[in-house]
Amino acid sequence: MTIFRDLSVLWSLFHVLVLFMLLYRSRFSQKKTFLYTGICIGPLLVGNMAGLVLYGAEIMGKIFILTCTLPSLAFFWFMAKDKNVRFFFTFCLADTVALWIISITNIADFYLGGEKYILMLIGRLILFPLAEWAAIRYLRKPYLELQESVTKGWGLFAGMTAIYYVLLAVNGNFPVILTKRPQELPAFLLILALMPMTYATILASMYRQLLLYRKRKNEHILQEQKNTLEAQLDNQQNIRKMKHDMKGYTATLSGLLAAGKVQEATEYLAGVDEKIDALSGQFCTNPYINATLAYYDRKLKELSAACRMDIQVGEEALPYMELCRILANGLENVCDAIKKLEVKKRQVSVCMKYHRNYLLIRIKNCCADDLHVERGTIVPTSKTERGHGFGLPTIREAAEGLNGDMVCYTENGYFVLDVMVEQKAYQVREL
């Protein structure tokens, strides 16, 4: 009847893999992930099955960590997008859930099924798909979002899951298999009973973190909208002021022309034009982008910052909602950063221009001497107030939505934020 045991083990190994792949984030496409997993993990599963047939469950149970757990851990570490404690927690979570099912079905088969392995096979045929259904139905979507959004607090949870894995593996197989140590069964059953309750507590705590993240993100979006509306309102007030002042300009200009003073009228008109540009902050012809730039230009001037803007866009159709998000978040971070610097070091530049098929945005500002950021690093916020820490992730999200990317780094005493978005992405969108 060992055929039932072997089939149940093969079924378990396959579904451990499925359960883990439902929860972890690969850095490769789905097609490549399945291909590489099949090439590398397939032979590993076959080898362990062969060892089970040749050497038996007791021996393979003792060396399973070496023959399967550690090699698969190394492979999925290479494949994973998150090479940190989030990965270890996910790996241990999937493995301990699988070990829990394996242990329950082993004990049930030994004491209720007469060790004929039929009950073991039936139990695993039911419990593994049930666990996967629960993962897909309730866990996968919020858990993937949690991995994307929450970076802190995973270490303790990963340590707890690793300890549970060791507890189940050691108590179930050392010094001999558990069914040969009936006096230790009550303690093992208590561990099995405690594990789901512990995991329920961990997942509930993580879900609260996710809700908190969503709330803070919504607050940040509302703050973005508030800043945008303030910029537009400020721009409209300037336009109304210009309309009011235009009456006086027109009267003066009419008087000069009536007196035949054409040269004076030309000089006066040039002065009016310069004053209007200074008042409106005419950086580009796109009214939304211009309003955002003008708003932050005035904000930087209030901080006594020297700001240079080189904006070589505006006539064409632009995805102004996303570009305004990028500019607003980037310049808001600049305002926060230069407040801490001496006035003479408050220097900022903003550049927007095209290069081949991309629109490039560079926001550059002086930074503290002790700040060092490598390319590609997301700088954590130093603020503890709610609603902070979303600026750079929001910029990256907006850039990726336009088939682009973001990178930030420090260079020669400056903090540099580079964003590029693909022209085709928004040209097609506008159509």
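I began with contacts in the chain, taken as heavy atoms within 4.5 Å, and found that among those between residues at least 6 apart in sequence, 72% join residues at least 24 apart. I noted that this is a predicted model, in which local features need pLDDT of at least 70, side-chain atom pairs count only at pLDDT 80 or more, and totals for chains, interfaces and linings use all residues. I also noted that residues are numbered from 1 along each chain as its sequence is written, and that side-chain values use heavy atoms, with hydrogens and water left out.

I then looked up the secondary structure, which comes to 12 helices and five strands, these being DSSP runs (helices H or I, at least four residues; strands E, at least two) numbered from the N terminus. Of the 431 residues, 41% count as buried, meaning under 20% relative accessible area, with exposed over 50% and partly exposed in between (1.4 Å probe, protein chains only).

Next I turned to helix α6, residues 154-173, where the buried residues include W154, F157, T161, Y164, Y165 and L168.

Last, I checked helix α2 (residues 30-55) against helix α3 (residues 57-79), which pack at an angle of about 170 degrees. They are therefore roughly antiparallel, the term for angles over 145 degrees. Among the residues that meet are Y36, I41 and L44 in α2 and M60, F64 and F75 in α3.

Key
Axes are lines fitted to C-alpha atoms, for helices over the stretch in contact, and angles run from 0 to 180 degrees between N-to-C directions. Angles under 35 degrees count as roughly parallel, over 145 as roughly antiparallel, 65 to 115 as roughly perpendicular and the rest as oblique.
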